[in-house]
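Please look over the sequence and the structure shown below before reading on.

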Amino acid sequence: MGVRAISQEAFDDLVRENVEDLGMEPSEALEDALYTLKLQGADLSGIITCVPGESSIKDNPVIACLDRLKEFDSVSIDGPLRDEDFDEISSLFNILNELCSSQESGNAAIAIKHGAVDLTCSICSKIKTSTRSNRVVVPCFKALAVLIRDIQSTEMFRNCTGPNIVVDLLRGSSSDSDLLDAGFAVVAAAATGNEVVKQLFMELKIDEFILQVLSRESKTTIRALYDAICALLTPDDYRVVASQVYGYARTFAKLGIATALTEALQAGIGSDSLVSASTALKAIAVNDEICKSIAETGGIDTLLRCINASGEQGNKTAAKTCCSLLSKLAGSDSNKSTIVEKRGLDKLITLAQRFSDDPLVIQEVMLIISIICLRSPDHAAKAIEAGAGDLAVQAMKRFPVAAQMQRNACNMIRNIAVRNAENRTILLANGIEKLIRTAKANNETCRAAATDALRDLGLDNYNN
């Protein structure tokens, strides 16, 4: 069903008519207007509700902040403004950021409805990068990243040439880490869910600038840069039938961004960019060629070291993220053999044992093993030798309601057993059939996987 949009002016007029034409008390007029519009299916997000005669929209702190910023927007930012003006503009954007950061407050919707995205972009467009004006750009970017939150606001950002403005400012301050982080946060927010904005950033050669930032010698991590890569390469605009992001991912890889990210991983578990870089690299690894190139530049060696270190240090987040990337790389047949040759199966089983209390880590390990064993009886035999069968039995017993883990266990068992009769015998002797049937009965999401596992274990009554 379509949602009817309503302006602040129309809402205020309705409340006023209730008072003047129908003789309602101010509070009753407001309540009636809200009730009527909700019945009509109107979208009231961003509407400021004021009791006539008692308060006004100008009393709202968001509106007060925007009104003051509009005064500065009416003059040249780099012209007659004094240093104290720059300080006030910076403070106003910090206030706007703080007011709109909480989604529950509804302030972001109020700001958006009252032109905050256009206003912020307008002020940004008047800023020429310099030491004097850069102190305005960072809070300006931070406020913009909070304001851009849905398809409506990303379209506003696009319509006021936001991508051009942001990229120009980024290029002009490529050595300022705080500005880069705030700017890439805007890129990430604006590209999320909007295919056209992604395309605009690509046309502005944002990929080349990302590589430039990744390649510079700096100990400062630009966290939002990795978020921007993921946002640009995620097919999340459901208005389009065919996304272009897979082509962008190939462009990123060809340019050298995959190699740069692989090198970033070499800093190991102690790096604060490990998780972010792994997630970004996974977004780029969209085909066999890219997956193999990541392995050739040391990606698998690095990931196995990180997986081992994450287990030793008890870092579950790093463990899950590194396993997730490794499962993507394992989609390449040559990489499967490389993982096995480097004793990756043993390292994965050890990781699962160290995190035996966390089904989320265990399910990632199971996913990798199932991929490695797909259409490879030799790898399946090595998986059993490493302890994959015991892992399945112990985990399925311990976490009977962890649906995704149970599903991954069934898929792993299927791939281990389907082309290896000896493995089938070992698994059945360990009581795996009862565990699979229990999973099938208790978890709807893994019923198909459980049925396939029972069939590939050679059981006739797999449909029961």
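A crossing of two helices is called left-handed if the near helix is turned anticlockwise from the far one by less than a right angle, and right-handed if clockwise. Helices (DSSP runs of H or I, at least four residues) and strands (runs of E, at least two) are numbered from the N terminus. By that definition of handedness, α24 passes α27 in a left-handed crossing.

The model is a predicted one, in which local features need pLDDT of at least 70 and side-chain atom pairs count only at pLDDT 80 or more, while totals for chains, interfaces and linings use all residues. Residues are numbered from 1 along each chain as its sequence is written, and side-chain values use heavy atoms, with hydrogens and water left out.

**Overall picture**

The protein has 28 helices and two strands, and its C-alpha atoms fill a box of roughly 85 × 55 × 40 Å, taken along the principal axes. Of its 464 residues, 50% count as buried, where buried means under 20% relative accessible area, exposed means over 50% and partly exposed lies in between, for a 1.4 Å probe and protein chains only.

**Two helix pairs**

Axes here are lines fitted to C-alpha atoms, for helices over the stretch in contact, and angles run from 0 to 180 degrees between N-to-C directions. Angles under 35 degrees count as roughly parallel, over 145 as roughly antiparallel, 65 to 115 as roughly perpendicular and the rest as oblique. Helix α24 (residues 388–398) packs against helix α27 (residues 432–442) at about 40 degrees, with axes 10 Å apart, and the two are therefore oblique to each other. The axes of α12 and helix α13 (residues 223–232) come within 11 Å and cross at roughly 150 degrees, which means that α12 is roughly antiparallel to α13. The crossing of α12 and α13 is left-handed.

**The second largest pocket**

A pocket is an open set of points on a 1 Å grid over the protein atoms alone, with protein on both sides within 12 Å along at least five of seven lines, and its lining residues have an atom within 4 Å of a point. The second largest pocket has a volume of about 220 Å³, and its lining includes A5, D43, K113, R149 and M156. Both α5 (107–113) and α8 (151–159) supply at least two lining residues each, and the largest share, three residues, comes from α5. R149, one of the lining residues, is found in the loop between α7 (131–147) and α8. The C-alpha atoms of R149 and G106 are 12 Å apart, although 43 residues separate them along the chain.

**Two residues with positive phi**

Most residues other than glycine have a negative phi. Phi of K205 is near 65 degrees, and R375 has a positive phi of about 55 degrees. K205 is found in the loop between α11 (195–203) and α12 (206–215), whereas the loop that holds R375 runs between α22 (359–373) and α23 (377–386).

The table gives the accessibility of these and other residues.

| Residue | Relative accessibility | Class |
|---|---|---|
| K205 | 43% | partly exposed |
| R375 | 52% | exposed |
| R149 | 37% | partly exposed |
| E17 | 41% | partly exposed |

Technical notes. 1 Å grid on protein atoms, 1.4 Å probe; cavity = no way out; pocket = protein on both sides within 12 Å on 5 of 7 lines; lining within 4 Å. Points joined across faces, edges and corners; volume = space filled by probe spheres on them.
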